Amino acid sequence: MQSPFNQVRSVALTAAVILAAGTAAYAHHGWSWTQDGFFELRGKITAIYIGNPHATLDVDAEGEAWRVEMAPPARTIAAGFTEEVAKVGDEVTAIGNRSLDETEKRMKAVRIIVGGKTYDVYPDRVPPA
């Protein structure tokens, strides 16, 4: 049986771990790191990743390497975007919000267009037509 001191310490440590994990998840999943207004990026896909925490595309846009974050894998796949619909070398258009830090070549996409097909990975956030 644990002493009362060790029980309190154990509960406090557990609470601290839960709070830290929740804070990190909140910061990661927000849009606070992105600019307002839509940004469009066109280029060639250099890598495709459909996995946690977010699906990503690496894109060569006029010689610059960009990271395009999409939705979490389940949401990206539900939008129809899987590793089978695009391949390295395909032309892609990503529409979304770029990083507030303009030296960082990163954006969060709400819409991906590959091979004439549109994938709205955040349909509630797509720009008006």
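Of the 25 residues in the largest nonpolar core, those touching the most other members are Leu57, Val68, Met70, Phe81 and Ile112. Two or more residues each come from strand E1 (39-49), strand E2 (56-61), strand E3 (64-69), E4 and strand E5 (106-114). E5 gives the most to this core, namely 5 residues. The model is predicted.

**Overall fold**
- The chain has 2 helices and 6 strands.
- Read from the N terminus, its elements follow the order α-β-β-β-α-β-β-β.

**Burial and surface**
- The chain has 129 residues, and buried residues make up 35% of them.
- Its accessible surface comes to about 7,800 Å², and carbon and sulfur atoms account for 58% of this area.
- In soluble globular proteins, nonpolar side chains tend to be buried together.

**Contacts of Val68**
- Val68 is one of the core residues that touch the most other members.
- With neighbours within four places in sequence left aside, Val68 is in contact with Leu41, Ala55, Thr56, Leu57, Val59, Ala94, Met107, Ala109 and Ile112.
- Two of these partners, Leu57 and Ile112, are also listed with Val68 among the core residues touching the most other members.

**Aromatic pairs**
- The model contains 3 aromatic pairs.
- One of them joins Phe81 and Tyr119, whose ring centres are 5.4 Å apart and whose planes meet at 85°, so the pair is edge-to-face; the cut-off for that class is an angle over 60 degrees.
- Phe81 lies in the loop between helix H2 (73-78) and strand E4 (91-98), while Tyr119 belongs to strand E6 (residues 117-120), so the pair ties together parts that are 38 residues apart in sequence.
- Phe81 has 0% relative accessibility and therefore counts as buried.
- Tyr119, at 4% relative accessibility, likewise counts as buried, because the limit is under 20%.

**Charges over rings**
- The charged end of Arg106 sits over the ring of Trp33, at 3.6 Å from its centre.
- Arg98 lies over the face of Phe39, and here the distance from the ring centre is 5.1 Å.

How values were computed:
Residues are numbered from 1 along each chain as its sequence is written. This is a predicted model: local features need pLDDT of at least 70, side-chain atom pairs count only at pLDDT 80 or more; totals for chains, interfaces and linings use all residues. Side-chain values use heavy atoms; hydrogens and water are left out. Rings of Phe, Tyr and Trp (its six-membered ring) pair if their centres lie within 6.5 Å; planes under 30 degrees apart count as stacked, over 60 as edge-to-face and the rest as tilted. Helices (H or I, at least four residues) and strands (E, at least two) are DSSP runs, numbered from the N terminus. Buried means under 20% relative accessible area, exposed over 50%, partly exposed in between (1.4 Å probe, protein chains only). A charge sits over a ring if NZ of Lys or CZ of Arg is within 6 Å of the ring centre and within 35 degrees of the ring normal. A nonpolar core is a set of buried Ala, Val, Leu, Ile, Met, Phe, Trp, Tyr and Cys residues joined through side-chain atoms within 4.5 Å. Contact means heavy atoms within 4.5 Å. Accessible areas come from the Shrake-Rupley method with a 1.4 Å probe; for residues, only the protein chains shown count as cover.
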